[in-house]
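The following account leads the reader through a protein structure, from its sheets to its helices and then to a single residue.

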Amino acid sequence: MNLHAIATALAAHPSIRGKLDIAASTAVLQLSARATGQPGDDAAAIKRPEGGWDLFAGEGFMPQFVQDDPWFAGWCGVMVNLSDIAAMGGRAVALLDAIWAPDAAAASAVLTGIRDAAAAYGVPIVGGHTNLRSPELNLSVSVTGRATRLISSFVAEPGDVLIAAVDHRGHYRPRFDNWCAALDAPHARLRGDYELLPELAESGLVDAGKDISQGGIVGTALMLAECSRCGFDLDLSAIPVPPGVDLVRWLRSFPSFGFLLSVRPERAAKVCALFAQRGISAAVCGAVTSRPKVDLILGGARATFWDYAAVPYLSLSKEITYA
């Protein structure tokens with residue numbers, strides 16, 4: 001498959017195109033990137049009068065995923081929310097869950113997954129909502145957190161370099177492009193890995209980035225670019241890929257632990273070294289540009305993955321004219 005075919009296939013993939021649904025909800029709610037909490041970031045950030053930020057995040061799950069792999073869906077309900085808080089430079093405080101199931105027996109595996117992950121990551125479950133008379137199994141999980149300094153989706157700058165930091169110590173779960181690198185990890189390591197993000201923020205090494213979401217590396221790069229009103233040249237040859245994994249699948253995969261960070265060039269080596277000290281792969285894989293698009297580069301060829309000035313992705317910056 002040539003580079004243009006790769007770009008076209010990725011742009012058409014459901015995990016990428018699913019993010020387009022965000023615009024329908026925010027339009028009805030009349031939300032934009034300038035609303036309270038700055039929608040488009042991984043978590044809503046509300047400034048605290050005494051300093052720092054309160055963080056709020058939440059996730060709903062594809063019903064088919066919850067029904068096919070209920071215990072892991074429960075685990076992911078915790079994991080993905082903690083990634084969102086960490087992506088903002090924060091530390092999680094507490095979790096709430098909402099579950100729908102036909103009966104208590106059907107809900108058991110999902111709730112056990114939530115319980116096990118909360119224990120592994122050391123975050124308390126403080127309440128939620130239970131409906132055991134629903135026709136099918138479904139799940140939503142929310143989290144609160146706090147940050148002293150933020151990592152934001154809105155401050156990437158042309159001239160930055162893009163770093164992909166992903167834990168390769170895992171494997172795919174059946175059927176979905178979900179890379180699992182957490183289940184066999186020591187609990188202390190999981191907690192320490194998430195602690196690295198607020199430490200990077202507080203040290204001033206990182207102020208821009210996003211958690212790698214269901215859209216994978218390319219979809220997350222697009223969201224980060226549109227929020228910051230910049231672009232990215234992604235060098236596919238520079239993106240570390242786990243042994244035996246297909247590059248195109250990796251570009252759209254959701255990792256257990258993965259972040260894209262837009263970093264001033266002089267700080268990049270230090271940032272990558274700090275991830276490497278924890279056994280996490282981190283490498284410069286692109287450059288931030290002033291163009292409103294994400295381009296893929298491989299072997300001297302270039303192909304546009306997405307031009308958000310022509311086709312908005314999150315559609316959150318309606319007040320802003322793209323230059």
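In this predicted model, seven strands form an open sheet of mixed pairing, arranged in the order β9-β12-β6-β13-β10-β14-β15. The edges are held by β9 (208–211) and β15 (301–307); each has a single partner strand, so one side of each is left without a neighbour in the sheet. On average, neighbouring strands of this sheet are turned by 25 degrees against each other, with direction ignored.

Strand β10 (residues 231–235) pairs with strand β13 (residues 281–289) in the antiparallel sense, over four bridges. Here L234 stands opposite G286 in β13. A helix also lies against the sheet: α5 (residues 70–87) packs on it and touches β9 and β12 (258–263). The direction of α5 makes about 180 degrees with that of β9.

Further pairings involve strand β5. In general, strands of a sheet pair through backbone hydrogen bonds, either parallel or antiparallel. Strand β2 (residues 53–60) runs antiparallel to strand β5 (residues 138–147), and eight bridges join the two. Strand β3 (residues 90–100) also pairs with β5 in the antiparallel sense, over ten bridges.

Attention now turns to a pair of helices. Two packed helices are described by the angle between their axes and the distance between the axes. Helix α7 (residues 187–202) packs against helix α10 (residues 268–276) at an angle of about 155 degrees, and their axes are 11 Å apart. Because angles over 145 degrees count as roughly antiparallel, α7 and α10 are roughly antiparallel to each other. The crossing of α7 past α10 is right-handed. To the contact, α7 contributes L196, L197 and L200, while α10 contributes V271, L274 and F275. By class, this contact has six nonpolar residues, with no polar and no charged ones.

Is C180 buried or exposed? Its relative accessible area is 2%, and since buried means under 20%, C180 is buried. Apart from its neighbours within four places in sequence, C180 is in contact with F72, R169, G170, H171, R173 and S256. By contrast, E157 is 23 residues from C180 along the chain, and their C-alpha atoms are separated by 31 Å.

Conventions:
Residues are numbered from 1 along each chain as its sequence is written. This is a predicted model: local features need pLDDT of at least 70, side-chain atom pairs count only at pLDDT 80 or more; totals for chains, interfaces and linings use all residues. Side-chain values use heavy atoms; hydrogens and water are left out. Buried means under 20% relative accessible area, exposed over 50%, partly exposed in between (1.4 Å probe, protein chains only). Contact means heavy atoms within 4.5 Å. Axes are lines fitted to C-alpha atoms, for helices over the stretch in contact, and angles run from 0 to 180 degrees between N-to-C directions. Angles under 35 degrees count as roughly parallel, over 145 as roughly antiparallel, 65 to 115 as roughly perpendicular and the rest as oblique. A crossing is left-handed if the near helix is turned anticlockwise from the far one by less than a right angle, and right-handed if clockwise. Ala, Val, Leu, Ile, Met, Phe, Trp, Tyr, Cys and Pro count as nonpolar, Asp, Glu, Lys and Arg as charged, and the others, Gly among them, as polar. Two strands pair if DSSP finds at least two bridges between them.
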